[in-house]
Amino acid sequence: MAARLGSGLVLALHTMAKALRVQAGAVGVPAAAVNGFGGFEGQYERIEKVAAHHGNYWEVLLYGHLLKDRSTMYDLTSRLELTTTSEDSRVLDALAHARRYKTSRDYIPERHEDGRPVDISFATLNWQKAVRDKNRPGAFVRKHFEAMVFAALAEELRTGDVAVTGSEEYADWSEQLLPWEDVEAKLGDYLVEVGLAESGDDAPYDAVAFRRQLEDKLTAAAPSADAGYPDNEGLVIDLETGIPSLKAHRSEGQRASAKVLEQEIRARMPERSLLGIISRTAYWVEWWRRFGPASGNEPKLKDPFGRYVITTFVKGTHMGPYEAARHIPGVSGHELSLSANRHFSIPTLNEAIADLVNAHARLDISQAWGDGSAVAADGTHMDTYLNNLLSETSVRYGKPGGIAYHHISDTYIALFTHFIPCGVWEAVYIIEGLLKNTSELKPTTVHADTQGQSFPVFALAHLLGFDLMPRIRNWKDLTFYRPTKRAEYVHIDALFGEPGRNVIDFDLIESHFRHLMRVAVSVREGAISSTLLLRRLRAGSRKNATYTAFREVGRVVRTVQLLRYLSDAPLRRRVTAATNKVEAFNGFSQWIGFGNGGVITDNDPVEQEKTVKFNALLTNAVIFHNALDIAEIVRQLQEEGYIIAPEDLAHISPYLTEHIRRFGEYSTHELGIQPEAYDPHLDVDFSPLRGNDPRAPDGYGQAA
């Protein structure tokens with residue numbers, strides 16, 4: 001046979017047989033994998049389920065994801081004392097029904113034991129469809145009913161419509177509010193303090209006055225923007241979609257004289273060591289006196305000045321105490337660790353930061369950058385170890401850690417710093433940093449990035465006397481609101497959508513005046529944290545009357561601010577400059593925090609917060625010292641005949657690094673050298689920077 005077929009054909013058949021064996025093996029691998037997941041029939045059934053529920057009908061698939069945690073969720077809800085914060089108890093009633101029949105196999109009755117039907121009107125129509133089986137009238141599909149109840153309970157805990165007794169995060173926050181009688185006694189002074197009422201005005205400020213004030217703001221802003229649209233060359237509104245677009249502003253660039261001044265200053269900046277900088281600021285400002293042992297029973301340090309300066313340097317640069325002890329003579333890692341843990345606290349670090357802010361504000365040169373009336377808030381990612389309570393993987397940054405959230409003054413210095421989880425909405429911390437700021441600078445204008453656009457944040461900022469003006473992006477996702485259904489505009493009407501729609505409910509605002517004031521005064525008095533409040537109000541509860549009132553006020557305030565932003569090109573430049581400034585601070589503080597690759601090595605949330613504040617303290621010390629060096633160079637240039645224009649000086653950032661030594665042997669000899677008193681005065685007239693608006697100088701913030 002082989003002779004007749006020939007050797008070539010035999011070889012071909014052999015190769016074909018080998019290929020078939022390989023192919024059979026290849027088919028067997030996926031077949032084995034499919035069998036491991038229930039076989040082809042089981043997979044076909046799942047595919048058909050998914051295909052049957054296309055069109056955003058995902059509810060029937062949720063139980064599969066909750067199944068492994070079912071017993072845990074039942075155990076948790078049985079141990080926690082859950083209460084409603086309104087009169088609506090439908091979700092908790094449905095939860096009790098699910099727990100009563102949790103051992104049932106496939107179906108549970110749709111009525112309570114007393115014959116009342118279980119009210120599931122809280123659920124969407126999709127859920128109401130999913131929990132019923134047309135072949136089993138009078139019953140719920142147990143697994144879908146449980147998934148619906150647990151999903152609704154999670155949402156109500158998030159919105160604050162259900163509270164956990166004894167909890168801090170999920171407590172009934174409304175119980176923390178001051179009684180109306182106490183609020184009423186403080187209201188007159190409070191309204192004047194936050195700028196909602198005029199001092200000496202005898203007219204009563206009540207719900208009608210509050211409503212009229214908001215109506216006037218919106219009815220003035222919209223016609224003004226409409227009238228200015230023909231001359232607004234930077235704004236184009238799509239008449240079909242109503243989406244505005246802004247032409248990019250072309251900067252004129254730095255003036256030639258400003259470039260020369262900057263080159264001179266950079267060339268003349270004296271070389272400094274980081275440890276020497278912080279030592280001199282400690283002598284001048286005496287911020288180190290804020291620290292000490294928490295208990296009077298602890299032994300006192302022989303040299304508290306030196307120990308606190310070195311500890312601040314080590315912690316502010318993110319160096320570990322034992323690593324730092326290898327490079328700093330005369331100290332041990334144990335001493336540095338003990339000092340940081342027992343002699344420094346979050347409140348005292350805040351006080352030391354405020355000391356440097358106050359000293360910086362008294363320098364004449366700080367007027368080149370701002371007057372302290374504006375602040376920009378933004379966060380930057382900080383690496384941490386994974387196994388701690390605060391660390392999360394950031395979707396934005398794609399790596400684990402937390403967020404150092406800074407409030408940066410228009411004078412470049414940090415007023416306040418938080419360390420927050422990656423998963424939170426950063427906007428809820430905008431107000432908290434302003435309220436916790438203890439420095440002499442009291443900003444009234446707040447700039448933020450796009451994350452500062454929540455309706456309740458705008459409302460609370462307005463009620464507390466702050467002008468929130470974030471940098472706006474994603475205009476297609478923003479809605480403008482009309483003051484009345486009849487309000488129409490010649491040029492900008494497309495912004496507001498269809499005529500008669502997107503109208504402010506001023507009746508709702510007026511009816512909730514007392515509650516709005518009660519919340520605002522309670523936040524101002526510290527009875528409730530603004531962060532906790534905004535985390536609850538951000539959720540968008542349909543039941544929470546506080547949310548609906550804050551949402552409606554926020555719609556008014558945000559619409560006014562959006563119209564201002566679209567209409568005022570200089571305002572947009574100031575907002576951009578302010579947000580650029582905080583981004584520059586983030587880079588500057590990270591340059592100073594060079595130790596351990598910038599990773600926060602503590603796993604304790606309190607120590608993590610302290611580490612971020614140490615870094616802010618050290619960064620502020622460098623900013624203050626750089627400002628003094630810049631001022632001294634300006635005086636030298638003036639003596640040499642240079643004419644210093646304030647507009648040029650406004651372009652010089654104190655975030656200079658070329659002259660600072662970060663590495664090498666850290667000599668402590670400078671700790672024993674007391675510097676001469678510094679000169680805060682500078683013979684430069686900064687009034688041209690302010691123009692007609694002292695709170696909004698066009699020249700401020702250009703260097704960032």
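**Figure 1. Surroundings of Gln453 in the predicted model.** In this predicted model, Gln453 touches Phe458, Pro470, Arg471, Ile472, Arg473, Leu478 and Arg558, when residues up to four places away in sequence are not counted. Gln453 itself is placed in the loop between β12 (445–448) and α18 (455–463). Its relative accessibility is 9%, so Gln453 counts as buried. The view also includes Leu468, which is 15 residues from Gln453 in sequence; the C-alpha atoms of Gln453 and Leu468 are 9.0 Å apart.

Figure 2. Helix α18 is largely enclosed by the rest of the structure, because 9 of its 9 residues are buried. The buried residues of α18 are Phe455, Pro456, Val457, Phe458, Ala459, Leu460, Ala461, His462 and Leu463. Phe458 of this list is also one of the residues touched by Gln453. After α18 comes Gly465, with a positive phi near 90°.

**Figure 3. Salt bridge between Arg473 and Asp449.** The closest N and O atoms of Arg473 and Asp449 are 4.0 Å apart, and the two residues form a salt bridge. Arg473 is located in the loop between β13 (467–468) and α19 (506–511), and Asp449 in the loop between β12 and α18, so the pair ties together parts that are 24 residues apart in sequence. Asp449, at 12% relative accessibility, counts as buried. Arg473 is also among the residues that Gln453 touches.

Figure 4. Arg555 and Glu552 meet through their side chains in a salt bridge, with an N to O distance of 3.2 Å. Helix α22 (residues 545–567) holds both Arg555 and Glu552, which are 3 residues apart, about one turn of the helix. An α-helix has 3.6 residues a turn, so residues three or four places apart point the same way. Arg555 and Glu552 are both buried.

Figure 5. A salt bridge links Arg326 to Glu323, and the closest N and O atoms are 3.1 Å apart. Arg326 has 64% relative accessibility and so counts as exposed, whereas Glu323 is partly exposed, with a relative accessible area of 36%. A further panel presents a network of salt bridges that links Arg211, Glu215, Asp507 and Glu510. Over the whole structure, the search finds 43 salt bridges.

**Figure 6. Strand β10 and its two partners.** Of the 10 residues of β10 (residues 400–409), 9 are buried, so the strand is largely enclosed by the rest of the structure. Strand β8 (residues 374–382) pairs with β10 in the antiparallel sense over 8 bridges, and His381 has Ile403 of β10 as its bridge partner. Strand β11 (residues 414–421) also runs antiparallel to β10, joined to it by 7 bridges. In this pairing, Phe416 of β11 is the bridge partner of His407. The hairpin of β10 and β11 has 4 residues between the strands, and Tyr412 in this hairpin takes a positive phi near 85°.

**Figure 7. Trp287 and the nonpolar cores.** The largest nonpolar core has 161 residues, and those touching the most other members are Phe210, Ile265, Trp287 and Leu649. Helix α24 (residues 605–639) gives the most to this core, with 15 residues. Which residues are in contact with Trp287, leaving aside its neighbours within four places in sequence? They are Ile278, Thr281, Ala282, Val309, Thr312, Ala352, Asp355, Leu356 and Leu617. Another core, of 29 residues, lies apart from the largest one and includes Tyr101, Ala123, Ala152 and Val164. In soluble globular proteins, nonpolar side chains tend to be buried together.

**Figure 8. Overview of the protein chain.** The protein chain has 704 residues, of which 50% are buried. Its secondary structure consists of 26 helices and 14 strands. Among contacts with a separation of 6 or more, 74% join residues 24 or more positions apart. The accessible surface of the chain is about 34,300 Å², and carbon and sulfur atoms account for 51% of it.

How values were computed: Residues numbered from 1 in each chain as written. Predicted model: local features only at pLDDT ≥ 70, side-chain atom pairs only at ≥ 80, totals over all residues. Heavy atoms only, no water. Helix = DSSP H or I, 4+ residues; strand = E, 2+ residues; numbered from the N terminus. Buried < 20%, exposed > 50% of the residue type's maximum accessible area, 1.4 Å probe, protein only. Contact = heavy atoms within 4.5 Å. Areas by Shrake-Rupley, 256 points an atom, 1.4 Å probe, with all protein chains shown as cover. Pairing = 2+ DSSP bridges. Core = buried A, V, L, I, M, F, W, Y, C linked by side-chain atoms within 4.5 Å.
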